[in-house]
Amino acid sequence: MSGNECNGQLSPLLVVSSLIGLLLSIYTTHVEIQLESDHDYEALCDLNAKISCTKVFSSRYGRGFGIINMILEEDSILNQPNGLFGVFFYTLMALLSFVSDSKVAQVQVILCVISNILSLYLAYLLYFILEDFCIVCVSTYVINAANLYFSTKRYKKLLYLENKTKKDDDKIK
């Protein structure tokens, strides 16, 4: 059974949503790098004082999710801009989509659950702590929800097909 037969149309949707997440993360990383060199830099997604990506990305929550600097030192190699974590995450999600194995798909689901928990945490910070609206951030939360949906569907389908193949093999023996 080829990868395409096994994945149906679910894997391409997961790849596309991961690529959109990757593009958003690259843009986020670009803005964060610009902010480090030019504190007056304004991102394209800065519409007004209450709708500002720059405000969010330059906050203490814009690096290491505001968590790593509490556990490790602020200058730790792990305390990177959130966008950089996104670049790694969405690239991994897209690449894993090409592996037709239920265990790999299960890892994708677990990664998506973690990303959605982080999305809820960051959405809370965005709305209640920073009192801001970030178009890029909210778009990323939507992508994470879509990835969870697509990866769960993919996992269930792969599991079903693997079990069906195993039963068919057992009948032949």
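These are my notebook entries on one predicted model.

**Ground rules**

I number residues from 1 along each chain as its sequence is written. Because the model is predicted, local features need pLDDT of at least 70 and side-chain atom pairs count only at pLDDT 80 or more, while totals for chains, interfaces and linings use all residues; side-chain values use heavy atoms, with hydrogens and water left out.

**Entry 1: the chain overall**

I looked up the secondary structure and found seven helices and zero strands. Helices (H or I, at least four residues) and strands (E, at least two) are DSSP runs, numbered from the N terminus. Read from the N terminus on, the order of elements is α-α-α-α-α-α-α.

I took the extent of the C-alpha trace next: along its principal axes the trace spans about 70 × 35 × 25 Å. Of the 173 residues in the chain, 42% are buried. Here buried means under 20% relative accessible area, exposed over 50%, and partly exposed in between, with a 1.4 Å probe and protein chains only.

I also looked up contacts, meaning heavy atoms within 4.5 Å. Among those between residues at least 6 apart in sequence, 69% join residues at least 24 apart.

**Entry 2: cysteines**

How many disulfides does the structure hold? I found one, and it joins Cys45 to Cys53 with an S to S distance of 2.3 Å. The criterion for a disulfide is a pair of cysteine sulfur atoms within 2.5 Å. Cys45 and Cys53 are both buried.

I checked two further cysteines for burial. Cys112 counts as buried because its relative accessibility is 0%. Cys137 has a relative accessible area of 10%, so it is buried.

**Entry 3: α5 against α6**

Two packed helices are described by the angle between their axes and the distance between the axes. I looked up both for helix α5 (residues 82–96) and helix α6 (residues 102–129): the axes come within 10 Å and cross at roughly 155°. That angle makes α5 roughly antiparallel to α6. Axes are lines fitted to C-alpha atoms, for helices over the stretch in contact, and angles run from 0 to 180 degrees between N-to-C directions. Angles under 35 degrees count as roughly parallel, over 145 as roughly antiparallel, 65 to 115 as roughly perpendicular and the rest as oblique.

The crossing of α5 and α6 is left-handed, a term for a near helix turned anticlockwise from the far one by less than a right angle (right-handed if clockwise).

Which residues meet between the two helices? On the α5 side I list Asn82, Phe89, Leu92, Met93 and Leu96, and on the α6 side Val104, Gln108, Leu111, Cys112, Ser115 and Leu122. By class, the contact of α5 with α6 has eight nonpolar, three polar and no charged residues. Ala, Val, Leu, Ile, Met, Phe, Trp, Tyr, Cys and Pro count as nonpolar, Asp, Glu, Lys and Arg as charged, and the others, Gly among them, as polar.

I placed Ala94 in helix α5. Ala94 is buried, at a relative accessible area of 8%. Not counting residues up to four places away in sequence, Ala94 touches Val15 and Ser18. From Ala94 to Lys164, 70 residues apart in sequence, I note 26 Å from C-alpha to C-alpha.

Asn144 is in helix α7 and counts as buried at 5% relative accessibility. With its neighbours within four places in sequence left aside, Asn144 is in contact with Phe89, Tyr90, Ser115, Asn116 and Ser119.

**Entry 4: positive phi**

Phe65 has phi near 60°, a positive value in a residue other than glycine. Phe65 lies in the loop between α3 (53–57) and α4 (68–71) and is buried, with a relative accessible area of 15%.

Glu131 is not a glycine either, and has a positive phi of about 50°. I found Glu131 in the loop between α6 and α7 (135–172). Is Glu131 buried or partly exposed? At 47% relative accessibility, Glu131 counts as partly exposed.

**Entry 5: two loop asparagines**

Asn48 sits in the loop between α2 (10–37) and α3, partly exposed with a relative accessible area of 43%. Asn48 and Phe133 are 85 residues apart in sequence and 9.7 Å apart in space, C-alpha to C-alpha.

Asn79 is in the loop between α4 and α5 and counts as buried at 4% relative accessibility. Beyond four places in sequence, the contacts of Asn79 include Arg63, Gly64 and Ile68.
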